[in-house]
Amino acid sequence: MSLQFPNENLLFTNSYRISRLPIEIWHECWSHSDRDDLRRLVSVCRLFRQLCRKPLFRTLRYIGPDLSNVT
């Protein structure tokens, strides 16, 4: 079984379509996404990575030993 690569013209067309939609629309779409969805979206394309990275890391949790007593 050989690997099938998508048609390059199709890839260009889809990228072009994605980039034509205003950034504000994408921001609105992704503002309703949960963390798991955002994690998947950053792998789709460069534009989505740029748009989803900031909301994905807007909150961070530390899971480990209590560091409040460290001087």
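Modeller: One cut-off before that: angles under 35 degrees count as roughly parallel, over 145 as roughly antiparallel, 65 to 115 as roughly perpendicular, and the rest as oblique. Also, keep in mind that this is a predicted model.

Colleague: Fine. At what angle do H2 and H4 cross?

Modeller: Roughly 60°, with the axes of H2 (residues 23-31) and H4 (residues 46-56) coming within 10 Å. The two helices are therefore oblique to each other.

Colleague: Is that crossing of H2 and H4 left-handed or right-handed?

Modeller: The crossing of H2 and H4 is right-handed.

Colleague: Which residues meet there, between H2 and H4?

Modeller: From H2, Ile 23, Trp 26, His 27 and Trp 30; from H4, Leu 47, Phe 48, Leu 51 and Cys 52. Sorted by type, the residues of this contact are seven nonpolar, one polar and no charged.

Colleague: Take Leu 51. What does Leu 51 touch, not counting residues up to four places away in sequence?

Modeller: Leu 51 touches Ile 23, Trp 26, His 27 and Trp 30.

Colleague: Now the core. How many residues make up the largest nonpolar core?

Modeller: There are 10 residues in all: Trp 26, Trp 30, Leu 38, Leu 41, Val 42, Leu 47, Phe 48, Leu 51, Cys 52 and Leu 56. H2, H3 and H4 are the elements that give two or more residues to this core.

Colleague: And which element gives the largest share of the core?

Modeller: H4 does, with five residues.

Colleague: Switching topic. Where does Ser 33 lie?

Modeller: Ser 33 is in the loop between H2 and helix H3, which covers 35-41.

Colleague: Does Ser 33 count as buried or exposed, and why?

Modeller: Buried, because the relative accessibility of Ser 33 is 16% and the cut-off for buried is under 20%. Leaving aside neighbours within four places in sequence, Ser 33 is in contact with Leu 38 and Leu 41. Both of those leucines, Leu 38 and Leu 41, are among the residues of the largest nonpolar core.

Colleague: Last one, Arg 35. Where is Arg 35 found?

Modeller: Arg 35 sits in helix H3. Arg 35 counts as partly exposed because its relative accessibility is 36%.

Colleague: What is Arg 35 in contact with, leaving aside its neighbours within four places in sequence?

Modeller: Leu 56 and Thr 59 are in contact with Arg 35.

How values were computed: Residues are numbered from 1 along each chain as its sequence is written. This is a predicted model: local features need pLDDT of at least 70, side-chain atom pairs count only at pLDDT 80 or more; totals for chains, interfaces and linings use all residues. Side-chain values use heavy atoms; hydrogens and water are left out. Axes are lines fitted to C-alpha atoms, for helices over the stretch in contact, and angles run from 0 to 180 degrees between N-to-C directions. Helices (H or I, at least four residues) and strands (E, at least two) are DSSP runs, numbered from the N terminus. A crossing is left-handed if the near helix is turned anticlockwise from the far one by less than a right angle, and right-handed if clockwise. Contact means heavy atoms within 4.5 Å. Ala, Val, Leu, Ile, Met, Phe, Trp, Tyr, Cys and Pro count as nonpolar, Asp, Glu, Lys and Arg as charged, and the others, Gly among them, as polar. Buried means under 20% relative accessible area, exposed over 50%, partly exposed in between (1.4 Å probe, protein chains only). A nonpolar core is a set of buried Ala, Val, Leu, Ile, Met, Phe, Trp, Tyr and Cys residues joined through side-chain atoms within 4.5 Å.
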